[in-house]
Amino acid sequence: MNDWILLPLILIAIAAGWYLGRRERKSSRYYELGLRHLLNDEPDQAVATLVTELNVDNDNIDTHLALGGLLRRRGELEKAVFVHENILQWARLDQATRHNVQMELAKDYLQAGLLDRAESMSMTLAAENPQYRSESLKIALQVYEQERDWHRAIEIAKQVTGGADEAQIERAISHYLCELAELSLTRKDPEAAKGFLVDAVGHFAQNPRVSLLQGRIALEAGDPEAAVRFLERIIEQEPVYVAESMALLETAHQEMGSEVAYRSYLEHCLTHFPSISVVLALGRVIRDQEGTDALARFIANQMAQNPTLRGFIELIDVNLGQAEGAMRQNLNLLKNFAEAMIADKPNYRCGDCGFEGKRMRWHCPSCRSWASIRPIFGLEGE
C-alpha cells in the first residue's frame, strides 16, 4: 500500500526535475547565444536575444538589472524601460530588490523624458524607503528643473540638503531663485525680483548671477551708482564672468559721468584677470580720452601679450580708418577672413561635460549642472 502512495510522489518529483532542468537548459542556451553575439562583436543581437528570450526569475534578476542599465547608457531607453518593467511584472521580489528596480526605472523614465512617471515613482520611493530617499529626491529635482517648476524645485532641494552634496544643492537653490527673479522681471515686478535675489544670496553669497541681476535692476530703476556697486563685485566673486557685466557697467558709468573710475576698474580687471572683453571696453575709453592713435597702440600692445581674433579684428578696424587704396582692400580682406574664422566658433563651454554654445547659459542643457558654463579663453575666445 505504501508503494502505491510513494509512486505518484516519485513521478511528480521526476516531472518537476525534468521541467526545471529544461528551464535551466533553455536559459543556458539563451545566455550562450547572447555571449556568442557579444564575442562576434554583435552587441545589438546580443541585447535583443537577452531582452526577448530570457525569462525573469529570482536567479537572473541581477542579469536583467545589468542589462537594463546597459541599455540606458546606450540610449536605448524604450528597451531599458521594458526590461525594468518586466522585472516588476513577473518576478517575485523582496521589498529591497523591488525598490532597487523602481529606482532604475525612475532613471529610465527621467532620461526618456517621461517626467510624470519619473516624478511619481521617485516620490513614492522616497516616501517608502529612507535608503533611497536622497537619490529619489534628486531625480524628482531634475524633473522639476526640466519643467521649470522652480518653487517645487526649491521645496525638494531643501529636503536634500546635507551631506557631501550640500554645497552643490545650495548653489542650485540660489540659481532657482535667480530664475524666479528673471521671471518677475519679465512680468515687470522688480520688487519681487529683489526679494528672490536676497534669498539667493542666503544660499550662495558669491553667486555672480545675483550681482548681474541686481545691477540690471538698479540700472533700470535709474540708480547707476548702486548698479556699479553690484556689478563691480563680480571680479571678486567669479572673475570669468566679468565680461558678462561689461555692457551694463559701461552704461552705468556713462550715466554717472564717471569715466575715470570706470577706466580704473577696467585697468584693475586687466591686471588681475585679462580678457578681450575688458581690453575692448578699455580701448573705447582710451579712444574717447586720448584718441585713435592711443587706441591703436594699446590694442597692438595687448595683442602682443594675449593674441585673440577679436582683438585682431579691432586692430584692423582701427587702422582701416587711415588706410587707402590697396592697403585698405588688404585690411578688409584680413578682417573678413578673421570674422569668418570666429563666426561659427562657440563662445562658451561647460567645464563638466564639454557642451559648447554661442550664448551664455547658467544651466547646462547637456549635463544639467549649474554655473558650469563659462566663456572660452584663448585665440578664438576671450
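Predicted model: local features only at pLDDT ≥ 70, side-chain atom pairs only at ≥ 80, totals over all residues.
The chain has 382 residues, and 43% of them are buried. In secondary structure, we get 19 helices and three strands.

Arginine 368 lies in the loop between β2 and β3. Its phi is positive, about 70 degrees, although arginine 368 is not a glycine. As for cover, arginine 368 is partly exposed, because its relative accessible area is 32%.

The three strands form an open sheet in the order β2-β1-β3, and the pairing is antiparallel. So which strands stand at the edges? They are β2, residues 356-357, and β3, residues 373-375; each has a single partner strand, so one side of each has no neighbour in the sheet. As a reminder, strands in a sheet pair through backbone hydrogen bonds, in a parallel or an antiparallel way. Here, β1, which covers residues 348-350, pairs with β3 over three bridges. If you want to find a facing pair on your screen, look for arginine 349, which stands opposite arginine 374 in β3.

Arginine 148 sits in the loop between α7, residues 133-147, and α8, residues 150-160.

Is glutamate 179 buried or exposed? Its relative accessible area is 9%, and buried means under 20%, so glutamate 179 counts as buried. Leaving out residues up to four places away in sequence, glutamate 179 touches Arg148, Trp150, Arg209 and Trp370.

Staying in α9, which runs over residues 166-186, we also find serine 184. Serine 184 is buried too, with a relative accessible area of 6%. What does serine 184 touch, not counting residues up to four places away? The list is Asp189, Ala192, Ala193 and Phe196.

Next, two helices packed together. In general, you describe such a pair by the angle between the axes and the distance between them. For α12, residues 224-231, and α14, residues 242-256, the angle is about 145 degrees and the axes are 9 Å apart. The crossing of α12 past α14 is left-handed. On the α12 side, the residues in contact are Pro224, Glu225, Ala227, Val228 and Leu231, and among those they meet in α14 are Leu248, Leu249, Ala252 and Met256. Sorted by class, this contact has eight nonpolar, two polar and two charged residues.

Last stop: leucine 70, in helix α3, residues 61-73. Leucine 70 is partly exposed, as its relative accessible area is 33%. How far is its C-alpha atom from that of alanine 80, 10 residues apart along the chain? The separation is 8.0 Å.

That's my tour. Over to you for questions!

Conventions. Residues numbered from 1 in each chain as written. Heavy atoms only, no water. Pairing = 2+ DSSP bridges. Helix = DSSP H or I, 4+ residues; strand = E, 2+ residues; numbered from the N terminus. Buried < 20%, exposed > 50% of the residue type's maximum accessible area, 1.4 Å probe, protein only. Contact = heavy atoms within 4.5 Å. Axes fitted to C-alpha atoms, helices over the stretch in contact; angles between N-to-C directions. Left-handed = near helix turned anticlockwise from the far one by under 90°. Nonpolar A, V, L, I, M, F, W, Y, C, P; charged D, E, K, R; others polar.
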